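Please look through the sequence and the model shown here before reading the explanation that comes after them.

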Amino acid sequence: MVMMYELIPVLPLAAFLILGIFGHWIKAKAHLVAVPAVILSWCISILAFVDVADGHHSTFRLYTWLTSGMLEVHIGLTIDRLTAVMLLLVTTVSALVHVYTIGYMKGEPGYARFFSYIALFTFSMLMLVLADNFLQLFVFWEAVGLCSYLLIGHWYERPSACAAATKAFIVNRVGDFGFILGLLLVFTTFDSLDYATVFANIEREAAKTINVLDPLGGSLDVSALTVICLLLFLGAVGKSAQVPLHVWLPDAMEGPTPISALIHAATMVTAGVFMVARLAPLYNASPAAMSVVAVVGAVTMVLGATIALTQTDIKRVVAYSTMSQLGYMIMACGLGAYTAGMYHLLTHGAFKALLFLGCGSVIIALHHEQDMRRMGGLKDRLPITYWTFVVGSLALAGFPLTAGFFSKDELLVSAWGSGPLGQVLAVFGLLTALLTAFYSFRLVFVTFWGPSHVDSHHAAHVHEPSPTMTVPLIILAVLSIAAGYLGIPEFLSPMFERGGERAHGGGATVVMLVASAMGLLGIAGAYYAYVLNPDLPDRLAQRWRTAYEWSLHKWYVDEAYDRSIVRPTFAAASELWKRVDVAVIDGAVNGVARAIAWGAWFLRLLQSGQTQHYALGMALGAVVILTLLMVI
Amino acid sequence: MIPLSYYVTLSAVVFFTGLVGVLIRRNIIIILLSVELMLNATNINFVAFSQSLHNIAGQVFVFFALTVAAAEVAVGLAIIIALHRAKNTINVDEFQLLKW
């Protein structure tokens, strides 16, 4: 049984290798390799889930990767409750996205390449969640980042896709730098990178402090665990698109839509949340770091939701919503409600993948039109897409009895029950729930209801896409509701000592009721503003011009980074190029070449072509040698 | 019995005559003759030392040298004829194609 689990990551890896090497010949049959591999891996994941539910936890080492002094790193697989849930999420969404891709990418020149990259991504993500030590986590953390880069830039002939891919990579670099510093600090503190060893020794190291101002000559002692947690969290901030490193996620929508669903909604961006939950014992030991995590999550949650209100690109609305929902999960983890955070991660994975795939279906039907203002009235033309999209939006809005309702309630109630900070943040969470419901139904109403603004060339042949695209939508729609009834919180809560306890009593019921009311109010608000009074949004935008502008321009974060970081870097690089590269380095290299050319010009005069000159040289040389021999 | 130094001196004089001829003359046939002079100066040395040291190897070597010299002259004259046909002259100053 245990040996079989290795196949979960190995099958996608095999698919990647086959498609990577033979993709040139396989071409349009690429899905015949990738789809069965991922579906098999999904089946084994279900077996693993059932096995874990029976209480069998297993950690096994495949091989020792490197040994150097005290450092010993294994490639290992851990299968416990947390991993089992993630395995299920990753393989399910990945399998559905693989199937969806068959229809979405049909006839694209990069068809086989695309499949090989998503197979590689699936492998990396599975290894990330299965890791049993920090280094393995980090390696596959980077690997999923690489796949994200490759897939965002899938249409590499578009300059905007290249720019978005580069941006995602560079912004993640900032976070990953923190991650690797945290990794080094873990090793110097605990002398080990294994989760089990580190977690077992937390109490021993709890009192250890680090003078963080040492290089500057100052003195500020901070608990080593707090520094470790914050540095590792910096990695999560990058990967999970938290403020202030969230800027790459909306731009990542340049990639093909299946990628947005798989990587930038359901799996890779949740790696940060997963990491915090995985390292829960470490974070629990550092209340200061926990508070930072919670506040960063809350800020992201509010920021993402306010931006999503005014965006007009259909995928960007969903992207900002993803950012906001990731904020919810991070906030929950920061408040110790790991179970609720992971639960929301799981349900969000289902309904957000659904929303993205729905967007993809709309985009394909409208020949790659992504502007909401040029849609409208699509609900009769695309009934399957419409109904599944509505289910996804209801789940996102937290409509009662959908999966999103259960997980969001669980999350907000746990947050409320975790203390004074939790209560403040829970209030923000409730307000964000209102915004969430509003923007998600704004999307539904503007896209699917009302008069059609579709380009007249395409309007005539708008039709539902092929079954390979609609079947995954239907399955995800079912999951968006069913995921709430699978008992995930009960399944997960034994993992986390602190998390999972629900604040029972009056407070909890009130929070639940308010959360549901917020969701309904948001939906009603969107109905009022976009269906009953279609000119109301414009008037509101006129009235609160500044607020509207700030939301539309994403709080000017990109502009601020542009002014403060990008442009100074470009200017400095340009100066360095002109003064150092051209003047000094090129000057030195060309100078050496020129000196040799001049020297050679003089020396070649010796070669006269006259044999007698050479003979004279030989004779004189012989005289010199003989003289030397006789003198010495 | 003529002392060895006489032979060596004669050889040196002939060798230098040849060397100077090679270096200063412009007529390519004279240069070839001068090369032969240098070769035969060494032959004189070989024979002289062979006799003085009672070792026949030196005289045998001279036969080899003469044979090679004969072949070399044949090749050298052929080259000179070819050069003369190409340039219509036997002045070595005219033969300076192999330069920068």
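The paragraphs below go from chain A as a whole to one of its helices, and then to chain B.

This is a predicted model, in which local features need pLDDT of at least 70 and side-chain atom pairs count only at pLDDT 80 or more, while totals for chains, interfaces and linings use all residues. Residues are numbered from 1 along each chain as its sequence is written, and chains are lettered from A and ligands numbered from 1 in the order in which they are written.

Chain A has 28 helices and four strands, where helices (H or I, at least four residues) and strands (E, at least two) are DSSP runs numbered from the N terminus. The C-alpha trace of chain A spans about 115 × 70 × 55 Å along its principal axes. Of its 632 residues, 50% count as buried; a residue is buried if 20 or more other C-beta atoms, placed from the backbone, lie within 10 Å of its own, exposed if 12 or fewer do, and partly exposed in between. The domain assignment, automatic or taken from a database, gives domain 1 (286–552) and domain 2 (557–631) in chain A, and the centres of these domains, taken over C-alpha atoms, are separated by 64 Å.

Leaving aside neighbours within four places in sequence, V276(A) is in contact (C-beta atoms, placed from the backbone, within 7 Å) with residues including F233(A), Y283(A) and I330(A).

Helix α2 of chain A (residues 7–26) has 20 residues, yet its end C-alpha atoms are only 23 Å apart, short of the 28 Å that a straight helix would reach at 1.5 Å a residue, the expected span being 1.5 Å times one less than the number of residues. This helix bends by about 50° at G20(A), the bend being the angle between axes fitted to the seven residues ending there and the seven starting there. Among the buried residues of α2(A) are I8(A), L11(A), A15(A) and L19(A). Just after α2(A), K27(A) takes a positive phi of about 45°.

In chain B, I80(B) is found in helix α3 (residues 57–87). I80(B) is partly exposed because 15 other C-beta atoms lie within 10 Å. Not counting residues up to four places away in sequence, I80(B) touches I28(B), I29(B), L32(B) and I90(B).

Note on methods. Contact = placed C-beta atoms within 7 Å.
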